[in-house]
Amino acid sequence: MCGIVGCIGRGDETLDVLLGGLRSLEYRGYDSAGIAMGPAGDVLKRSGELDALEDALETSPLTGTFGIGHTRWSTHGPPTDRNAHPHTDEAGRVAVVHNGIIENYSELKTALEADGVTFSSDTDTEVVPHLIAQALDQGDSPETAFHNTVDKLEGSYAIAAIIDGEETIYAARQGSPLVVGVSDEGTFLASDVPAFVEHTRDVVFLEDGHRVIATPSGYTVVDKDRQPVEVDIETVSYTADETGKSGYDHYMLKEIYEQPTSLRQSFSGRVDALEGTITLEEVDDIPRPNAVQFVACGTSYHAALYGAALLRERGIPAEAYLASEYALSPPPLTLGTLVVGITQSGETADTLAALRDAQSRGVTTLALTNTVNSTAARECDHALYIRAGPEIGVAATKTFSSQLIGCNLLVEELVETAQDRRPLIESLRDLPGDVQEVLDTSNAATLAEEYLDSEAYFFIGRGANVSVALEGALKCKEISYEHAEGFPAGELKHGPLALVTPETPVFAIVTGDDERARKTLGSIKEVQARGAPVIAVTDGQSTAAEIADAVLEIPETHHRVAPVLANVQLQLFSYYVANKLGRPIDKPRNLAKSVTVE
Amino acid sequence: MSEPTASSSPSSAIVLAAGEGTRLRPLTANRPKPMLPAGTRPILENVLNAVIEAGVDEIHLVVGYRASRVRSHFGSTYRGVPLEYHTQDNQLGSGHALLQARDGPDGSFLLVNGDQVIDHCIVEAVTATHDDNAATLAVVEGEDAPAYGAVTLDGSQITELVEQPQTGEYRLFNAGVYAFDQTIFGTLEQLAVDRGSLPLTDGIKHLLADNKTVAGVRTDEFWMDATHPWDLLALSRELLSRGWINLPQTDTNIYVDDSASVHPDATLIGPVALDQDVVVEAGAVVGPYAAVGENVTIGPNAVLRDVVVDTGTTVGPATTAIELVVGQDCTLQADLTVAGGPADVVLNETVYSDVNLGGVIADRVDVGGNATLEAGALIGPDATVGPGVVVRGTIEAESEVVR
């Protein structure tokens, strides 16, 4: 995915605002970056991280009083200077930045080439400046040229353009995020609020089909028919301070250490310890569903597996689906099914596609997300916010923990019961302290050192701990680039056991002392018999700690809350492995924070 | 063209928050002294409030021991003021700590100890006086001078610094609030070469020896340090009495966060402060002088007076506790009795007589039902006390006491 920014009305500070914005969006992509500034219309772009662009600015500075910028994660064409945004028409009159995919770009490109236009990049985006230029040549006014061009585009896009001779930024949103920051001292455009939150907290969340015409004196929002639309200005609660690194070496470590606070925010005001009740005001009008289908990708999918397991435990049929599969091979739905999309950003294209498919089939949808007013939150019938606060590290940590809590709360909201919720509520209230205990006492750094040169890392668990095993492995892959796999423990002997050797440590997540825990002890013995060292992630209720070669200890708690604690230990382990290997932890290769393209 | 101003009053501050505070063990097992509670919030929060109220717009925090606790609590800004962190890997004294932030402020700056509660007027007085002195110190008068760094003043000039003097002739002492120009860094760097530990006062003595101007500002504004675990009770009492509680006031001397829930049949007696997400169950009587930290649960019919209960702790039903300090994330089962002081407390082989202390319970302690703390009992972190146990004296960290 990519990030775009724009700024007008800020005079000489424009370049600094754009660079600051790109810096805070760098988590969205870091293959290349570029800026175009008006009124001169000069463009500077470089492949590589933002530093490369800043170095280039030292020797060839840009000046101007308004501009647009882009940070890119390649989907079309390799990350080169040539493919970096902004893109321009042949004469350099129009500069465009774009996030998303223009699905009909090859037709448009063929038609333009037939008209004699020469393309200079491999990107889908480049059709946009050429189309605008063509419209200008045909006598359209700049604004009309922009609208007519956007009308021709199919796919998903957030676009911003500047055109020679006009002190204006033109922007459009369709399927990709775009927000407008509003203030007396300038108008800001960006893919995400942190890009301008140090300048204003007053935000207009655009809807699909909206277009923005911003000038030094203000902005107007119009719809596809060029009719002005009324928009609400909302004040976002978080400030720039929450997006700094606070002296930690990496955002990921900062976010791991924030979990006692972020978890408390997730349940604060939603659990009533006096009455023993759980109330989610946002979703309290959802009737008990006949069945629940979760759709999600990546880490959120692991939270979905956990949520589905909890619902089944409480007697509601539930399944988790990978969103990218769901939209293409939709499972049967009955009325009375609730479809829950889990997406941290609320902009994950695959999850949005799955939710839209469900909606088109007439069932109720709910977004479980961290991002207020995100596309998922606005398009679904209901939105439940996990309130984890901004997460910048590409590898999800605190948001996964809060997604698990969100699932717990949602399950209790959906299931009418006479069952006493106090034990669960007490465990939730103890959770911030329990996580702090793990953070204070974890030996994960030592174990990371000890097992650093392993051939692969395996993670096993049963029941709700399957999610933790899969997530532990994903985290390890993402940031350390080491081979890691997670399995339900019972599946080992049906195949994966062939991979187990003395060089492959196995992390066994064993909480409680029930049948699942006892069976996992059997799995531990299976892998030990093949010489693999076993690290038990355990609360000490079973004998796992005694038979394992090493232990990552967690405090004893409710069986539904224990996976959160086990996962914190594995977050720390992956972090320390990646750190010792010198990986770029906050920006792992080939990955982006949220994937807004299908 | 306008002339550049000769000197401007310092607008950035360095706050020292790296030290463990060994005399406050066992409470500092998991966090540095500045993160111990003054009322319901860390001491350091109070210090940052004071420097911000005095007009500082840039803060450098020197962190070391258990640094993540400071970083995670405050983040990258506090009350809109940017915080920059500097790490002191080994705690080699306050002068060494200051050196870690030498790349921080330009020009003159304030230096404040992060582990003492101060009135912002002290900071303002130092700022106003500093001008182009090499150093300016806030000086307070009191009986306690021998326990701190004593000073002698000639007019507004400091003439002598004496660390913990053994004689009773000194009545003025250094309040731990300073302003410096950049000279101090060079002086400390020079001294650091051949030293293991480097107290800040050595640097100041060196400035005096070099005939630099070291000024003192006398102040009688509020200043308070916690030296021993029971001092947290007095600190909390002071803040509650003064209303230095950053929570909504719901009645006279009663401070309750919006997210706290108090059962209608519970009683709050001011001064009392309940921070975020606190739960007080039916029949409980909390206060006077109760500081209850975030996410604490107080069980039915518990009676708490003169207590500091730190974040995440659960106080069981029918607990009676007077003059008790409880750390974070403890579980106290039903019917605990802490009857209060006075007591003779033994700490690090020193006997302190007649201390008004019911007991101190460090972080993550589990106390079984119907237990009793005899006055002055100290329970180390992660200890487990069995049901019905009568605790006397000191219980070591992580130990299990069954009778």
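The model scores an ipTM of 0.87 and a pTM of 0.80. For chain B, the pLDDT averages 90, and 97% of the residues score at least 70. Where pLDDT is low, the predicted coordinates should not be read in detail.

Next comes the overall build of chain B. Seven helices and 38 strands make up its list of secondary structure elements. Its C-alpha atoms fill a box of roughly 70 × 50 × 35 Å along the principal axes. A compact globule of 403 residues would have a radius of gyration near 22 Å, and chain B agrees with that because its own value is 22 Å. Of those 403 residues, 55% count as buried. As for how the chain folds back on itself, take the contacts in chain B between residues at least 6 apart in sequence: 50% of them join residues at least 24 apart.

Chain B is divided into two parts, with domain 1 covering 12-225 and domain 2 covering 237-401. The C-alpha centres of domain 1 and domain 2 of chain B lie 31 Å apart. Where the two touch, 10 residues of domain 1 of chain B are in contact with 20 residues of domain 2 of chain B. On the domain 1 side of that contact in chain B, six residues are nonpolar, three are polar and one is charged.

What about the place where the chains meet? Here, 21 residues come from chain B and 22 residues from chain A. On the chain B side, helix α2 (residues 67-74) gives the most, with three residues. By class, the chain B side of this contact has 13 polar residues, five charged and three nonpolar.

Turning to chain A, the domain assignment gives domain 1 (3-242), domain 2 (244-434) and domain 3 (442-598). Taken over C-alpha atoms, the centres of domain 1 and domain 2 of chain A are separated by 32 Å.

Chain A also holds an open sheet of six strands, in the order β5-β6-β7-β8-β12-β13, with antiparallel pairing. At the edges sit β5 (87-88) and β13 (218-222) of chain A, each of which pairs on one side only. Strands of a sheet pair through backbone hydrogen bonds, either parallel or antiparallel. Within this sheet, strand β7 (residues 155-163) of chain A and strand β8 (residues 169-174) of chain A pair in the antiparallel sense over four bridges. To pick out one spot, A161(A) stands opposite Y170(A), which belongs to β8(A).

G139(A) is found in the loop between α4 (127-137) and α5 (142-152) of chain A. Is G139(A) buried or exposed? The cut-off for exposed is 12 or fewer C-beta neighbours within 10 Å; G139(A) has 8 inside 10 Å, so it counts as exposed. Along the chain, G139(A) and E103(A) are 36 residues apart, and their C-alpha atoms are separated by 27 Å.

Key
Residues numbered from 1 in each chain as written. Chains lettered and ligands numbered in written order. Predicted model: local features only at pLDDT ≥ 70, side-chain atom pairs only at ≥ 80, totals over all residues. Contact = placed C-beta atoms within 7 Å. Helix = DSSP H or I, 4+ residues; strand = E, 2+ residues; numbered from the N terminus. Nonpolar A, V, L, I, M, F, W, Y, C, P; charged D, E, K, R; others polar. Rg over C-alpha atoms; globule rule 2.2 N^0.38 Å. Buried ≥ 20, exposed ≤ 12 C-beta atoms within 10 Å, placed from the backbone. pLDDT = per-residue confidence, 0-100. Domains from an automatic or database assignment. Pairing = 2+ DSSP bridges.
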